[in-house]
Amino acid sequence: MNRRSFIRTCTAAFGALVTAGMALGTAPAFAAYPERPITMIVPWGAGGGTDATARIISSLLEKSLGQPINVVNRTGGSGVVGHQAIASASPDGYTLGIATVEIGMMHWQGLTQLTYADYTPLALMNQDPAGLQVAQDSEYASARDLLEAIRANPGDMKASGTGQGGIWHLAIAGMLQAADIDPQAVPWVPSQGAAPGLQDLVAGGVEIVPCSLPEARSLIDAGRVKSLAIMAEERNPLFPNIPTLKEQTGIDWTMAAWRGIVGPKDLPEDVSERLTKALKDVYDSSDFKEFMNQRGFGMIYASGEQFGNFMAESNDSLGEVMKAVGIAKQ
């Protein structure tokens with residue numbers, strides 16, 4: 001048999017084997033997702049609440065998926081850099097990210113064209129109201145005292161805790177507007193998240209950081225920061241001595257950050273299903289609940305379409321508030 005005949009014979013034989021295998025239901029199988037390590041992008045700096053939430057989710061998720069998950073902080077642009085990195089990744093399930101409430105805010109400011117619609121929603125995992133933090137040695141003992149001082153001396157105090165127009169900026173701007181005080185009365189100092197904002201507070205660079213209580217907890221426990229109020233309908237069970245803003249001032253203003261796991265738009269359905277199931281297992285686990293409860297992080301769950309609807313509603317309501325306080329540029 002010459003070489004050409006041999007090749008034809010082998011090719012025909014291989015084709016027959018494949019055909020027979022398919023007929024018997026034993027066609028060659030593709031490896032199930034995931035086959036290799038996954039990257040989890042965090043749009044904010046290390047040490048903050050978003051970073052901590054992403055890392056506990058990732059550590060538990062990798063056990064469920066059987067692959068390492070590498071957490072990467074992609075900061076900059078008031079959250080735009082990291083959120084863009086998630087949206088621009090290949091929709092194959094190997095790059096995920098933790099999206100934050102800012103995705104419903106950045107485009108209103110003209111910082112980006114990105115919206116919630118540029119992602120595949122997988123699971124909403126966390127929601128935390130804003131607190132009103134000052135240095136421990138601050139002369140202000142209550143939210144009422146602080147507001148009176150701002151009203152009397154506009155421009156004297158600065159605040160920080162996220163980028164310009166970020167969730168914590170909106171929290172204090174909305175609070176001031178609700179108190180009939182010009183939101184510009186407290187100049188905002190942009191930062192890459194709550195952790196650097198709080199360090200600036202301790203160093204005396206700013207006077208107010210309106211971030212969540214869990215993000216400020218270590219400095220509160222260390223006696224370096226005190227929280228005057230929480231912008232929520234109810235007190236946080238882990239901080240029962242911190243009153244709500246409404247209790248102290250009568251102002252009915254609430255604001256909370258949320259965090260959820262997303263992928264780039266158009267993730268394959270089988271990949272999305274695998275991830276949402278694994279993320280639900282993470283959310284239901286005792287390890288996750290213990291971690292979140294110990295730090296005072298609020299837990300809230302929605303997956304798939306429900307999470308997508310949540311993001312759409314958040315986007316619309318935040319846009320209305322931002323327009324009302326003059327932050328929106330659209």
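For the labels I took helices (H or I, at least four residues) and strands (E, at least two) as DSSP runs, numbered from the N terminus. I'm working on a predicted model, where local features need pLDDT of at least 70, side-chain atom pairs count only at pLDDT 80 or more, and totals for chains, interfaces and linings use all residues. Residues are numbered from 1 along each chain as its sequence is written, and side-chain values use heavy atoms, with hydrogens and water left out.

**Entry 1**

Tyr33 and Pro34 are joined by a cis peptide bond, with omega about -5 degrees. I flagged it because most peptide bonds are trans and most residues other than glycine have a negative phi.

Next I went for positive phi. Ser78 has phi near 55 degrees and sits in the loop between S2 and helix H3 (80-88). Asp266 has phi near 70 degrees, and I placed Asp266 in the loop between strand S9 (256-264) and H9. Is Asp266 buried or exposed? Asp266 is exposed, because its relative accessibility is 59% (buried is under 20% relative accessible area, exposed over 50%, partly exposed in between, with a 1.4 Å probe and protein chains only).

**Entry 1: the sheet**

I traced an open sheet of six strands with mixed pairing, in the order S2-S1-S3-S9-S4-S10; two strands pair if DSSP finds at least two bridges between them. Strand S2 (69-73) and strand S10 (299-303) are the edges, each pairing on one side only. From one strand to the next, the twist averages 20 degrees.

I zoomed in on strand S1 (residues 38-42) and strand S3 (residues 95-100), which pair in the parallel sense over three bridges. There, Met40 stands opposite Leu96 in S3.

I also checked strand S5 (residues 131-135), where five of its five residues are buried. S5 pairs with strand S8 (residues 225-230) in the antiparallel sense, over four bridges, and Ala135 faces Val225 in S8.

**Entry 2: a loop glutamine**

Gln109 lies in the loop between S3 and strand S4 (119-129). I get 7% relative accessibility, so Gln109 counts as buried. What is Gln109 in contact with, leaving aside its neighbours within four places in sequence? Gln164, Gly165, Met322, Ile327 and Lys329, with contact meaning heavy atoms within 4.5 Å.

Axes here are lines fitted to C-alpha atoms, for helices over the stretch in contact, with angles from 0 to 180 degrees between N-to-C directions.

Helix H2 (residues 49-65) and helix H9 (residues 269-284) have axes that come within 9 Å and cross at roughly 120 degrees. H2 and H9 are therefore oblique to each other (under 35 degrees is roughly parallel, over 145 roughly antiparallel, 65 to 115 roughly perpendicular, the rest oblique). I noted Ile57, Leu60, Leu61, Ser64 and Leu65 on the H2 side, against Arg274, Leu275, Ala278, Leu279, Asp281 and Val282 of H9.

H2 also packs on helix H10 (residues 286-295), at an angle of about 165 degrees with the axes 10 Å apart. That makes H2 roughly antiparallel to H10. Ala52, Thr53, Ile56, Ile57 and Leu60 of H2 meet Asp287, Phe288, Phe291 and Met292 of H10.
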